[in-house]
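Please open the structure in your viewer and keep the sequence beside it, so that each selection can be followed in both places.

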Amino acid sequence: MKSSKASELIEIRPGRTIYYRNELLTGPNKQPTAPTFQLVFLHGTCASSLQYDGLLRSLASGLPAGTVLDCHLYDAISCGKSPLLKDWEAYHTDQSVLDLKAIVDTKLDKSIPTIFVGHSYAPSVIIRYLHSHGVPSNAKGCIFLSSAMAGDLNPIPNGGHPIFMLPVFLLQCLQPSMTKSFVELAYHPNTSADLIQAANESNSGNDMYMAKAHHTHHLWITSDECASLHEKVAILVLHGKQDRILPADAGQCLADSVKAKRFVEVEETSHQVMEEKPAEVARHILDLLKEL
């Protein structure tokens, strides 16, 4: 069962307002007095927390009796339901890291085992937070979905795709074709028409100042920052086998660098693996939680 505990705009740090929501997932039968785990979800660049809704439903339907997952999700600055911020410096990855730290410090219970979940560029934010600010004592795992790190196998350089060097007014003119190309690459040909339509609508609504600002501040995680993470948390890396945004080889490289417990290629999926195959992704996540 899935129930909402909170859904609101919050000033997570001075001058930075984001949309935050808290979902409680419960298994059948008696609910324990406290959540079994708390999960923090970070979405990919220019996306929103809505990309995890199918996964949340699949997690809820697969929970064993007596299990509760306290899920914390938020839309990054200017993304989704978060209000647009016209401040170029606000989009540095270091600022996103501090937003995550604020979520951990103000919204999470330090006594409950915690799992960090990130898609695409978000694992760079998660790893940099854990590397820079220390791994919380209650952190038990990380789950990285269709991601990569800095290096030759990552086709997206630091600073984003060169197209984002264009001025905003030109990006606005190109937005329809950019949306079409992204959706074609990010979703497997077997993806449902409804999901494709929703993806086209959400991407068409993105503000291009926000898109340019986020992409040009990309700074992918390095092997040095990944080196010791496995000593503190269990890591699961899932990747779309037919990912045409960040190829599976890039995901394998990330998994090797973080010494992941498992690397799984999900069949018949591209970049949006948790949207395309939510039940399969949920099964792998629940398997990891059983081992912790």
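Predicted model: local features only at pLDDT ≥ 70, side-chain atom pairs only at ≥ 80, totals over all residues.

Now show the rest of the structure around the helix: is α3 largely enclosed or largely open? Nine of its 12 residues are buried, so α3 is largely enclosed by the rest of the structure. To see which residues these are, colour Ala122, Pro123, Ser124, Val125, Ile126, Ile127, Arg128, Tyr129 and Leu130. What covers them includes the strands β3 (37-42), β5 (114-119) and β6 (139-145), together with the helices α2 (93-107), α7 (223-226) and α8 (248-257).

Next, select Asn158, which lies in the loop between β6 and α4 (168-186). Asn158 is partly exposed, because its relative accessible area is 43%, a value that falls between the limits of 20% for buried and 50% for exposed.

Which residues does Asn158 touch, if its neighbours within four places in sequence are left aside? Asn158 is in contact with His218, Leu219 and Trp220, and its side chain reaches the backbone nitrogen of Trp220 at 2.7 Å. Finally, select His217 as well: although 59 residues separate Asn158 and His217 along the chain, their C-alpha atoms are 7.5 Å apart.

Definitions and conventions. Residues numbered from 1 in each chain as written. Heavy atoms only, no water. Buried < 20%, exposed > 50% of the residue type's maximum accessible area, 1.4 Å probe, protein only. Helix = DSSP H or I, 4+ residues; strand = E, 2+ residues; numbered from the N terminus. Contact = heavy atoms within 4.5 Å. Polar contact = N/O pair within 3.5 Å; in protein donor to acceptor, adjacent residues only side chain to side chain.
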